[in-house]
Amino acid sequence: MAITSATEVSLACEHKTALLTCPGNGKIHIAFVNYGRTDKSTCPSKAMKTTSCFSGTAAERKVTSLCEGKTSCSVKADNGNMKGDPCQGTFKYLRVVYYCM
């Protein structure tokens, strides 16, 4: 399998939907997923108790099951869909890094 594009990044603030797409017949290959918060500037909010918030493998498994091998997919960034709240009291975002193969 050849990579047909550079690294793609899809980002969605909590309660919004991330859209992953590949041009032509490209297929999505998930490289990295985090549902949490690692900085103050992405999806600014007053509800920010931490900037060291990582979702672990649950969110990665969810996004992979929805998107891997497809030409496009959408993923809702919320606690229910991401299988839990990795940092209560903090407004989170979903960051997905992927390639088109």
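**Disulfides and a strand pair**

At 8% relative accessibility, Cys 43 falls below the 20% cut-off and so counts as buried. This and everything below is read from a predicted model. Cys 43 has a bonded partner in Cys 13, with the two sulfur atoms sitting 2.0 Å apart. The torsion about their S-S bond comes out at about -90°, which makes this disulfide left-handed. The link brings together distant parts of the chain: Cys 13 belongs to strand E1 (residues 8-13), while Cys 43 is in the loop between strand E3 (28-36) and helix H1 (57-67), and 30 residues separate them.

Another one joins Cys 22 and Cys 100, with a sulfur-to-sulfur distance of 2.1 Å. Here too the S-S torsion is about -90°, so the bond is left-handed. Cys 22 is found in the loop between E2 and E3, and Cys 100 in strand E5 (residues 93-100), so this pair ties together parts that lie 78 residues apart in sequence. Both of these cysteines, Cys 22 and Cys 100, are buried.

Cys 53 and Cys 87 make a further disulfide, again with S to S at 2.1 Å. Its torsion is about -90° as well, so it's another left-handed case. This one runs from loop to loop: Cys 53 lies between E3 and H1, Cys 87 between E4 and E5, and the pair therefore ties together parts 34 residues apart in sequence. As for covering, Cys 53 and Cys 87 are each buried.

E2 is joined to strand E4 (residues 72-76) by five bridges, and the two strands run antiparallel.

Terms used: Residues are numbered from 1 along each chain as its sequence is written. This is a predicted model: local features need pLDDT of at least 70, side-chain atom pairs count only at pLDDT 80 or more; totals for chains, interfaces and linings use all residues. Side-chain values use heavy atoms; hydrogens and water are left out. Two strands pair if DSSP finds at least two bridges between them. Helices (H or I, at least four residues) and strands (E, at least two) are DSSP runs, numbered from the N terminus. A disulfide is a pair of cysteine sulfur atoms within 2.5 Å. Buried means under 20% relative accessible area, exposed over 50%, partly exposed in between (1.4 Å probe, protein chains only).
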